[in-house]
Amino acid sequence: MKIIIDTEENIAKKAAQQYIDLLSKKPDAVLGYATGSTPLGLYAELAALCDAGKISFKDVTTFNLDEYVGLDGTHDQSYRYFMNTNLFEKIDIPIEKTHVPSGLDLDIAAEYDKDIEKAGGIDLQLLGIGVDGHIGFNEPGTPLDSITHVVDLLENTREVNARFFASIDDVPTQAVTMGVKTVMNARDIILIALGKSKAEIVERMINGPITTDVPASVLQLHPSVTVYLDSDAAALL
Ligand code: F6R
């Protein structure tokens, strides 16, 4: 794992540079995206670069990590809606080349890994990390050979995500997520963690044993992971 510690602003710039480098070599790359608070700075940076003509996503295909079960793409807390409003509508990507697992048709969701494979596999997967070590919605205990599947969200994850909903009762109880194996199949991975709340789990991800108790620890086995941390998230390293 390559560890880079910097400010949130510089992390967005440095990570964006990885996208510029990749797309200059491979304009039709397949990108794996994440939702949540963490990638917002990077997405704003990618949108600004696209606006300035410094990067183009017109030949890119994207696959998002996850989606809530039961929310359609027009729901303002669905991950499809998040991606459309925070990134896809702000860059030059044809919307039909963007994929988010279906939270409504689970038979379609079951084909997600095959769809990724047909597109050529993911060149660069972006990840955040949950305070419990989840990547995507792969909660502790998820088998390392898992592919895209439906998960029951842990109460703690629902509580953490309740900040985006009117009340915790509105937070879905299940999600569809790429599996740990789906993520590990990506050729390159960027993981960003920001803030004090991530410090303990970041330390376990990097220095701890590789265990399904900390799903992100499996990234130690991946040949090409860049971890971007702000000083708060890196505080226990
Ligand atoms: C989101 C996702 C999650 C988040 C994680 C961190 O698509 O898959 O694993 O990356 O929960 O969320 P934030 O960035 O909100 O702290």
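A cavity, in the sense used here, is a set of grid points where a 1.4 Å probe fits but cannot get out. The structure above is a predicted model, and a search of the whole of it finds one cavity of 30 Å³ or more. About 50 Å³ of space lies in this largest cavity.

The largest cavity is lined by Glu-8, Ile-11 and Ala-12, by Thr-38, Gly-41 and Leu-42, and by Ile-192 and Leu-194. Two elements, helix 1 and helix 2, each supply at least two residues of this lining, and the largest share, three residues, comes from helix 1. Sorted by class, the lining of the largest cavity has five nonpolar residues, two polar ones and one that is charged.

The two helices named there also meet each other. Helix 1 spans residues 8–25 and helix 2 spans residues 40–51, and their axes come within 9 Å and cross at roughly 55°. Angles of 65 to 115 degrees count as roughly perpendicular and those under 35 degrees as roughly parallel, and helix 1 and helix 2 are therefore oblique to each other. Their crossing is right-handed. On the side of helix 1, the contact is made by Ala-12, Lys-13, Ala-15, Ala-16, Tyr-19 and Ile-20, while helix 2 brings Gly-41, Leu-42, Glu-45, Leu-46 and Leu-49. By class, this contact has eight nonpolar residues, together with one polar and two charged ones. Ala-12, Gly-41 and Leu-42, which take part in the contact between the helices, are also among the residues that line the largest cavity.

Strand 4 (66–68), helix 3 (79–86) and helix 6 (155–161) each supply at least two residues of its lining, and helix 6 gives the most, with four residues. The lining of the largest pocket divides into 15 nonpolar, 14 polar and five charged residues.

The second largest pocket holds about 160 Å³ of space. Its lining consists of Asp-113, Lys-114, Ile-116, Glu-117, Gly-121, Ile-122, Ile-147, Lys-181, Thr-182, Asn-185 and Ala-186. The elements that give two or more residues to this lining are helix 5 (112–118) and helix 7 (180–184), and the largest share, four residues, comes from helix 5. By class, the lining of the second largest pocket has four nonpolar, three polar and four charged residues.

Technical notes: Residues numbered from 1 in each chain as written. Predicted model: local features only at pLDDT ≥ 70, side-chain atom pairs only at ≥ 80, totals over all residues. Heavy atoms only, no water. Axes fitted to C-alpha atoms, helices over the stretch in contact; angles between N-to-C directions. Parallel < 35°, antiparallel > 145°, perpendicular 65-115°, else oblique. Left-handed = near helix turned anticlockwise from the far one by under 90°. Contact = heavy atoms within 4.5 Å. Nonpolar A, V, L, I, M, F, W, Y, C, P; charged D, E, K, R; others polar. 1 Å grid on protein atoms, 1.4 Å probe; cavity = no way out; pocket = protein on both sides within 12 Å on 5 of 7 lines; lining within 4 Å. Points joined across faces, edges and corners; volume = space filled by probe spheres on them.
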